[in-house]
Amino acid sequence: MNASSGAAVARAERLHGSVVASRRPSCSKLPVFYAKPASEIRLPRSILKMNGGRISCSTSNNGRKGLTYKDAGVDIDAGTELVRRIAKMTPGIGGFGGLFPLGDSYLVASTDGVGTKLKLAFETGIHDTIGIDLVAMSVNDIVTSGAKPLFFLDYFGTSHLDVDLAETVIEGIVDGCKQSDCVLLGGETAEMPDFYAKGEYDLSGFAVGIVKKDSLIDGKNIKSGDILIGFPSSGVHSNGFSLVRRVLSQSNLSLSDQLPGHGSGPFTLGEALMAPTVIYVKQVLDIISKGGVKGIAHITGGGFTDNIPRVFPPGLGASIFRNSWDVPAVFKWLQEAGGIDDGEMRRTFNMGIGLVAVVTPEASERILAEYDSVYRIGVVVNGEGVKFV
């Protein structure tokens, strides 16, 4: 969604295709679209140390209380409460994507941004991949319904338009669309003097996909004993950066320093944090086409704790196997440097798993045999919530 006003605001609409720039009046009120309870919410918590592959936590670091996401200015509970209130006004809100019936199919839509990861883009000068993040956040949401992305729209807002910089960002958006096999249908560039800091910009995006009604992945048939398959992330993806930046500010490292614990050659902290979000669309649609997939969760704001239960019927939860995947070094550094406890890490970050599919035991064997890069990370159990065992 976007809304802008002001006499000095210059807005140019980009239609990527046969129609070029035109100006149009600004709209002060546009419909608001909410597709997810807390996936855009970002956050910190207590202390922990790494012992090999395990994470153990303590409650102090030389007497200092560990960071929480709320300390960094993001309140997940407040975001959840807002969505609860919105859902009372508009029943049906709360999925990863919004469903619109169209004949024998559903259109599935999602909108998102990349949050304060943009702050690190400004600091590192890495702008060529932030567009991939933007596309990923929406298309990864709609593929959880089994939908194939059709098209994407972007919004680029800045105080002063730097054409070269904007082109670099949009090239990343084009790349993300190619990765997800969808079309960049159009977008909007808004030049708004004095609205953003010099050299900064903001991004948002909107994706629409389609799925046959009889092929919808909705989690309704999930039962105890089904298996959770985890798809690895590239790192922090695009959530939790308010907490990331707080940890960075109190650490003794800069973005140009080497990432502690990274053992495969030079790799700076900035490079690790700016690694683009993995786009899971093609891999997930291939797995869905072979059957046995009952539910899919995109691990964004809210982490494991809040996102996995969203696909379960009432009365079911998940037991997650603690050491069933490799936790990337960037999360280990964040946890140790910020003194963040286990629960806060799992509710804020993806911890190395960017998407979770709930599948039948039979399908899990096939998927694990076909894909070397996925993990059996847990099982569906009776009783609500997410437990780590």
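Two strands are said to pair if DSSP finds at least two bridges between them. Helices (H or I, at least four residues) and strands (E, at least two) are DSSP runs, numbered from the N terminus. With those terms in hand, welcome to a short tour of this structure. The model is a predicted one, in which local features need pLDDT of at least 70 and side-chain atom pairs count only at pLDDT 80 or more, while totals for chains, interfaces and linings use all residues. Residues are numbered from 1 along each chain as its sequence is written, and side-chain values use heavy atoms, with hydrogens and water left out.

Let us begin with strand S11, residues 316-320. Here buried means under 20% relative accessible area, exposed means over 50%, and partly exposed is in between (1.4 Å probe, protein chains only). In S11, 5 of the 5 residues are buried, so the strand is largely enclosed by the rest of the structure. In a regular strand the side chains alternate between the two faces of the sheet. Leu-316, Ala-318 and Ile-320 point one way from S11, Gly-317 and Ser-319 point the other way, and all are buried.

S11 runs antiparallel to strand S13 (residues 375-382), joined to it by 5 bridges. Within this pairing, Gly-317 has Val-381 of S13 as its bridge partner. S11 also runs parallel to strand S14 (residues 385-388), with 4 bridges between them. There, Ala-318 stands opposite Val-386.

Another group of strands has S6 (residues 148-158) as a member. S6 pairs with S8 (residues 201-212) in the antiparallel sense over 10 bridges, and Gly-157 stands opposite Asp-202 of S8. With S7 (residues 183-191), S6 pairs in the parallel sense over 8 bridges; Phe-151 has Val-183 in S7 as its bridge partner. From S6 the chain crosses through helix H4 (residues 163-179) to S7, and this β-α-β crossover is right-handed. The term right-handed says that, with the strands pointing away from the viewer, the path from the first strand over the helix to the second runs clockwise.

H4 itself has 17 residues and reaches 24 Å from its first C-alpha to its last, close to the 24 Å expected at 1.5 Å a residue. The expected span is 1.5 Å times one less than the number of residues. Leu-165, Ala-166, Val-169, Ile-170, Gly-172, Ile-173, Gly-176 and Cys-177 are the buried residues of H4. They cover an arc of only 145° around the axis, which puts them on the same side of H4. Such an arc is that of the directions from the helix axis to the C-beta atoms. Val-163, Asp-164 and Lys-178, on the other side of H4, are exposed.

At the start of H4, a side-chain oxygen of Asp-162 reaches to within 3.2 Å of the backbone nitrogen of Asp-164. Just after the helix, Asp-181 takes a positive phi of about 55°.

## Two residues to look up

Arg-366 lies in helix H11 (residues 361-370) and is partly exposed, with a relative accessible area of 26%. Contact means heavy atoms within 4.5 Å. Not counting residues up to four places away in sequence, Arg-366 touches Ile-287, Lys-290 and Gly-291. The C-alpha atoms of Arg-366 and Ile-287 are separated by 9.5 Å, although the two residues are 79 residues apart along the chain.

Asn-307 has its place in helix H8 (residues 303-307) and is buried, with a relative accessible area of 1%. Its side chain reaches the backbone oxygen of Gly-303 at 3.0 Å and makes a polar contact with the side chain of Arg-310 (2.9 Å). A polar contact is a pair of N or O atoms within 3.5 Å; within protein, one must be able to donate a hydrogen and the other to accept it, and residues adjacent in sequence count only if both atoms are side-chain atoms.
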